[in-house]
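This report describes a two-chain model, from the make-up of each chain to the contacts between them. Please keep the sequence and the structure in view while reading.

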Amino acid sequence: MEPGSTPGRFRNSEAANGLFMVSPPAIYAVLLLAAPLIAMVLYSLMVDSKVGLSSGLTFDNYLKVWTGRIDQALMIRSLTVSAMVTLVTVLLAYPVAYFVSFHVKPEKKSMWLFLITIPFWTSYLIRVFLWKVILGYNGVINSGLMSIGIIDEPLTIINYSLGSMIMTLAHAYAAFAILPIFVSLEKIDRSFLEAGQDLGESKFRTFIRVTLPLSMPGVIAAVLIVFIPTIGDYVTPELIGGGKLPMIANRIEAIMLKQNDKALGSAIAMTAMLIVALVSIVFILLNRRFLRGQSK
Amino acid sequence: MSKNPSLKIYAIAYLIFLYAPIALLPVFAFNDSRVIAFPLAGFTTNWFAEMWADNQLFKAFRNSLTIATTSAVIATALGIFAARASTRYKFPGKGGVLGLIMLPMVLPEMIISMSLLVVLIAVGVPLSIFTIILGHVLICTPFAVAILTSAFQSLDRSLEEAAYDLGESPASTFRLIILPLVMPGIISSLLICFTISLDEFIIAYFLGGNQSVLSVYIFGQFRFPAKVPAVMALGFVLVCISVCLLTIAEYFRRRGIAKTGGKDTGGFL
């Protein structure tokens with residue numbers, strides 16, 4: 001597009017134009033994303049005391065986080081909650097994505113997708129809060145069941161539990177699971193399915209052997225899209241867990257801001273990022289294997 | 001395609017599950033009782049009046065509008081650059097650069113806000129609406145890039161070449177040919193970034209200093225059980241606004257597809 005300042009052939013080359021074009025968002029991301037993340041890595045290697053940050057680098061914070069009972073318990077809780085949410089969300093979402101892709105007339109597909117996405121563009125806080133209102137001790141379910149006489153006393157198992165947190169998050173991230181699965185189902189060449197059935201496979205066998213493997217990239221994308229934000233969720237443990245079931249994000253806030261230990265807080269944040277990265281890599285590798293297995 | 005009633009019933013049940021909590025908003029926003037519980041106690045519009053009378057809400061709402069508008073414009077502008085670069089050019093390090101720009105999509109928001117907070121405090125930038133905008137642009141840009149990339153991808157390269165052949169400069173080609181064709185994408189990117197920013201809580205909560213925005217205001221209200229019905233009323237109003245914005249975004253997205261002669265596959269993402 002616009003010529004760069006360097007003279008010569010480079011000025012008009014495609015590479016120069018491309019780099020010039022991408023530079024505004026790239027510079028923004030470097031300054032406000034890469035630099036802060038690097039700063040956080042540095043912080044996590046220092047020691048934060050009343051006097052200020054030490055200058056020497058040490059792994060003490062990481063040792064503290066990885067061996068500390070509270071931190072370990074919170075990591076495990078966060079992982080359990082987000083793994084369960086991911087499982088529930090993807091299992092519930094797959095049939096819906098399948099239905100929209102295979103059983104809805106093409107001209108009605110975008111209406112279905114529109115209906116599915118609408119709830120997710122409404123205030124996340126209010127959606128989470130609504131679950132608190134629904135599941136609470138004096139909430140909608142308890143008062144509703146009591147007023148029609150099914151139960152005499154409020155159910156306590158539904159409030160402030162891991163189960164209600166999982167329910168809330170599974171509802172909050174449903175659309176994020178449906179969309180990638182839908183996209184991968186849409187890409188499947190329908191003649192494969194006819195071929196499978198022409199060759200004498202039952203409908204169910206065709207689904208297991210053709211449709212499901214071909215939609216795997218979408219399933220894996222859905223897993224990542226749900227898993228990553230849920231493991232770092234702050235609002236749900238605060239509102240639904242009533243602050244009694246904190247997850248890793250709440251811990252980061254407590255250490256960073258309430259105890260004002262930026263070094264330890266950074267180490268927890270970096271550990272959380274490491275967990276997210278490891279899980280993502282595992283799933284991306286699984287996806288690769290799937291794609292390779294297919295091309296054999 | 002074969003008919004499978006059980007799958008359709010399941011899909012409809014799923015939609016009901018998605019909408020059920022939101023359906024409670026109008027029910028309790030108009031219910032004449034401070035306690036959110038059954039049985040219902042009659043019709044009232046008091047909660048809307050109570051919400052309307054709260055000055056703090058208006059202040060927070062004004063802040064949110066400023067932040068959402070600014071963030072949407074900047075993120076979409078950055079998104080245009082990234083989408084154009086990714087669809088039109090090959091350059092060294094393309095995957096890495098675009099990966100970095102898209103990274104906030106897959107990073108827990110808590111980590112983004114804490115790393116920004118640490119740096120802002122170290123550099124000595126006071127927390128304000130401006131710092132919230134910095135964070136929101138970061139998380140909105142990937143969505144803008146995703147939407148705009150699909151808009152730029154459906155462009156026919158030969159239209160651009162035809163304009164060059166007819167003597168237009170690159171700048172005028174961009175303005176006269178490319179911009180009008182991707183305009184629907186730009187509008188839906190603006191609307192979606194606006195919605196994301198308006199809804200965002202974590203960054204606004206931690207980077208806002210003592211400036212309140214809508215989501216932080218709502219979060220604060222949850223501490224007072226007596227305020228809950230007014231929050232339900234506010235929630236109902238917000239849902240209505242988002243549905244309107246999304247319908248407009250969807251309209252422009254479809255028009256964009258029709259304009260470039262593509263096939264509608266549905267969905268924003």
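## Chain A: contacts and dimensions

In chain A, 69% of the contacts with a separation of 6 or more are between residues 24 or more positions apart; two residues are in contact if their C-beta atoms, placed from the backbone, lie within 7 Å. The model is predicted, so local features need pLDDT of at least 70 and side-chain atom pairs count only at pLDDT 80 or more, while totals for chains, interfaces and linings use all residues. Residues are numbered from 1 along each chain as its sequence is written, and chains are lettered from A and ligands numbered from 1 in the order in which they are written.

Chain A has 15 helices and two strands. Helices (H or I, at least four residues) and strands (E, at least two) are DSSP runs, numbered from the N terminus. Along the principal axes, the C-alpha atoms of chain A fill a box of roughly 80 × 75 × 35 Å. The radius of gyration of chain A is 24 Å, whereas a compact globule of 296 residues would have one near 19 Å; the radius is taken over C-alpha atoms, and the globule rule is 2.2 Å times the number of residues to the power 0.38. Of the 296 residues in chain A, 44% are buried. A residue is buried if 20 or more other C-beta atoms lie within 10 Å of its own, exposed if 12 or fewer, and partly exposed in between, with C-beta atoms placed from the backbone.

## Chain A: domains

Chain A is divided into domain 1 (1–44) and domain 2 (60–295), with bounds that come from an automatic or database domain assignment. The C-alpha centres of these domains of chain A are 34 Å apart. Four residues of domain 1 of chain A and seven residues of domain 2 of chain A take part in the contact. On the domain 1 side, three of the residues are nonpolar, one is polar and none is charged. Here Ala, Val, Leu, Ile, Met, Phe, Trp, Tyr, Cys and Pro count as nonpolar, Asp, Glu, Lys and Arg as charged, and the others, Gly among them, as polar.

## Core and a buried helix end

The largest nonpolar core has 169 residues, and A:Ala177 and A:Ile178 have the most contacts inside it. Such a core is a set of buried Ala, Val, Leu, Ile, Met, Phe, Trp, Tyr and Cys residues joined through C-beta atoms within 7 Å. Residues up to four places away in sequence aside, A:Ala177 touches A:Thr89, A:Val90, A:Ala93, A:Ala222, A:Ile225 and A:Val226.

A:Ala172 belongs to helix H8 (residues 162–172) of chain A. A:Ala172 counts as buried because 24 other C-beta atoms lie within 10 Å. Beyond its neighbours within four places in sequence, A:Ala172 is in contact with A:Tyr124, A:Arg127 and A:Val128. A:Leu125 is 47 residues from A:Ala172 along the chain, and their C-alpha atoms are separated by 9.9 Å.

## Chain B: make-up and domains

Chain B has 11 helices and zero strands. Its C-alpha atoms fill a box of roughly 70 × 65 × 30 Å along the principal axes. Of the 269 residues of chain B, 48% are buried. Among the contacts in chain B between residues at least 6 apart in sequence, 78% join residues at least 24 apart.

Domain 1 (1–44) and domain 2 (58–259) make up the division of chain B, and their C-alpha centres lie 30 Å apart. Seven residues of domain 1 of chain B touch eight residues of domain 2 of chain B. The domain 1 side of this contact has six nonpolar residues, no polar and one charged.

## Between the chains

Chain B puts 69 residues in contact with 77 residues of chain A. Helix H1 (5–29) of chain B is among the elements that give two or more residues to the chain B side, and H1(B) supplies the largest share, 11 residues. That side of chain B divides into 51 nonpolar, 10 polar and eight charged residues.

Which residues of H4(B) are buried? They are B:Val97, B:Leu98, B:Ile101 and B:Met102. These residues cover an arc of only 130 degrees around the axis, so they lie on the same side of H4(B); the arc is that of the directions from the helix axis to the C-beta atoms. B:Gly95, B:Gly96 and B:Gly99 are exposed on the other side of H4(B). The cover over the buried residues of H4(B) includes helix H2 (14–44) of chain A, along with H3 and H6 of chain B.
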